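Hello,

Here is the structure I promised to pass on. Please look it over; my notes follow below.

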Amino acid sequence: MRWTLRDIQAGRLKLSPVSDEDLRVLTELGLVQLYDDEPELTEAGAAVLND
């Protein structure tokens, strides 16, 4: 999941799309939110990458 968060943060979703299941889990954990149908990290998601 950490690699998925990094891909979202770096905007590499066209090359490496997020699976629906991964997106669902990350959203439920509060690490990702959808804006205009595009996933973006929440503050909690960014904090996970900075640990």
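**What turned up**

Val-18 touches Thr-4, Ile-8, Leu-13 and Leu-23, leaving aside residues up to four places away in sequence. Keep in mind that this is a predicted model.

Val-18 also belongs to the largest nonpolar core. That core has 9 residues: Leu-5, Ile-8, Leu-13, Val-18, Leu-23, Leu-26, Leu-31, Val-32 and Leu-49. Two elements give two or more residues to it: helix 1 (2-10) and helix 2 (20-28).

Next, the charges. The structure holds 3 salt bridges.

- Asp-7 and Arg-12 pair through their side chains, at 3.0 Å from N to O. Asp-7 counts as buried, because its relative accessibility is 14%, under the 20% limit. Arg-12 counts as partly exposed at 37%.
- Glu-21 and Arg-24 meet at 2.5 Å, N to O. They are 3 residues apart in helix 2, so about one helical turn separates them. Both count as partly exposed, Glu-21 at 45% and Arg-24 at 38%.
- Arg-24 also bridges to Glu-28, with the closest N and O atoms 2.8 Å apart. Here the spacing is 4 residues in helix 2, again about one helical turn. Glu-28 is exposed, with a relative accessible area of 58%.

What about the rings? The count of aromatic pairs comes to 0. Trp-3 does have a charge over its ring: the charged end of Arg-6 sits there, 4.8 Å from the ring centre.

Best wishes

Key: Residues are numbered from 1 along each chain as its sequence is written. This is a predicted model: local features need pLDDT of at least 70, side-chain atom pairs count only at pLDDT 80 or more; totals for chains, interfaces and linings use all residues. Side-chain values use heavy atoms; hydrogens and water are left out. A nonpolar core is a set of buried Ala, Val, Leu, Ile, Met, Phe, Trp, Tyr and Cys residues joined through side-chain atoms within 4.5 Å. Buried means under 20% relative accessible area, exposed over 50%, partly exposed in between (1.4 Å probe, protein chains only). Contact means heavy atoms within 4.5 Å. Rings of Phe, Tyr and Trp (its six-membered ring) pair if their centres lie within 6.5 Å; planes under 30 degrees apart count as stacked, over 60 as edge-to-face and the rest as tilted. A charge sits over a ring if NZ of Lys or CZ of Arg is within 6 Å of the ring centre and within 35 degrees of the ring normal. A salt bridge is a side-chain nitrogen of Lys or Arg within 4 Å of a carboxyl oxygen of Asp or Glu.
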